[in-house]
Amino acid sequence: MSIENSAYAAFATLLAGCPHPASPAELHGLLLGRSCAGAGFEHASWLTDATDLLGEIADEKVRQALIGLQEMVKGELTGADIAVVLLLPSDDSPLADRALALGQWCQGFLAGFGLAAGDRALSAEAMEVLQDMSAIAQVQGGLEESEDGENDYMEVAEYLRVAPLLLFSECAGPAVTPTAKPSLH
């Protein structure tokens with residue numbers, strides 16, 4: 001898929017008209033982070049958080065795209081798949097741009113997670129995932145255009161496709177209620 005036809009490029013074009021344009025990666029990270037922390041999937045609260053990041057959302061196309069993105073994330077987090085699709089530049093983009101977007105995605109995720117999670121106690125595994133994301137968020141395009149750089153990028157991206165599911169299952173997943181045993185009378 002060429003970058004001109006990617007969902008990332010389409011979102012970048014939509015967001016360019018916002019008062020405070022953010023990268024699509026940061027916006028998607030924010031949405032996924034808040035969702036994994038238990039913010040729920042109400043459109044109004046998501047649009048409020050998106051407005052805090054982007055400024056006033058006057059364009060109906062942007063508003064509908066944000067709602068569509070939320071519906072996609074809801075389907076991924078509550079569905080049977082074991083990975084999410086990250087909103088990142090296409091594979092034919094320069095590696096430095098893709099690595100920078102991974103960092104922006106993690107920054108957005110951490111911000112969204114922090115907004116919704118508050119001071120909730122987390123498991124050691126969840127804390128490790130958040131620490132990993134914090135380290136990835138520091139990426140400043142340090143990957144070289146090489147086979148090793150591509151492999152490193154792919155490993156990190158694959159990790160980030162699965163790691164949020166751990167946080168969602170711990171913080172926001174459906175509560176498992178024990179089924180009552182039938183009484184014998």
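Author: Buried means under 20% relative accessible area, with exposed over 50% and partly exposed in between (1.4 Å probe, protein chains only). What you have above is a predicted model, where local features need pLDDT of at least 70, side-chain atom pairs count only at pLDDT 80 or more, and totals for chains, interfaces and linings use all residues. Numbering runs from 1 along each chain as its sequence is written, and side-chain values use heavy atoms, leaving out hydrogens and water.

Reader: Okay, why does Leu69 count as buried?

Author: Leu69 has 5% relative accessibility, and the limit is under 20%, so Leu69 is buried. Across the protein chain, buried residues make up 41% of the 185 residues.

Reader: Where does Leu69 lie, and which residues does Leu69 touch?

Author: Leu69 sits in helix α4 (helices are DSSP runs of H or I, at least four residues, and strands are E runs of at least two, numbered from the N terminus). Leaving aside residues up to four places away in sequence, Leu69 touches Phe11, Leu27, His28, Leu31 and Leu87; a contact is heavy atoms within 4.5 Å. Phe11 is 58 residues from Leu69 in sequence, with 10.0 Å from C-alpha to C-alpha.

Reader: How many helices and strands does the protein chain have?

Author: The count is 7 helices and 0 strands, so the pattern along the sequence reads α-α-α-α-α-α-α. Among contacts between residues at least 6 apart in sequence, 75% join residues at least 24 apart.

Reader: What makes α5 roughly parallel to α7?

Author: Their axes come within 10 Å and cross at roughly 15°. Axes are lines fitted to C-alpha atoms, for helices over the stretch in contact, and angles run from 0 to 180 degrees between N-to-C directions. Roughly parallel is under 35 degrees, roughly antiparallel over 145, roughly perpendicular 65 to 115, and the rest oblique; therefore α5 is roughly parallel to α7. The residues of this contact divide into 14 nonpolar, 1 polar and 2 charged. Nonpolar covers Ala, Val, Leu, Ile, Met, Phe, Trp, Tyr, Cys and Pro; charged covers Asp, Glu, Lys and Arg; the others, Gly among them, are polar.

Reader: Which residues have the most contacts inside the largest nonpolar core?

Author: Leu66 and Trp105 do, in a core of 51 residues. Such a core is a set of buried Ala, Val, Leu, Ile, Met, Phe, Trp, Tyr and Cys residues joined through side-chain atoms within 4.5 Å. Elements giving it two or more residues are α1 (7-15), α2 (24-36), α3, α4, α5 (95-117), α6 (124-137) and α7 (147-171). Trp105 touches Leu32, Leu86, Met133 and Leu160, among others.
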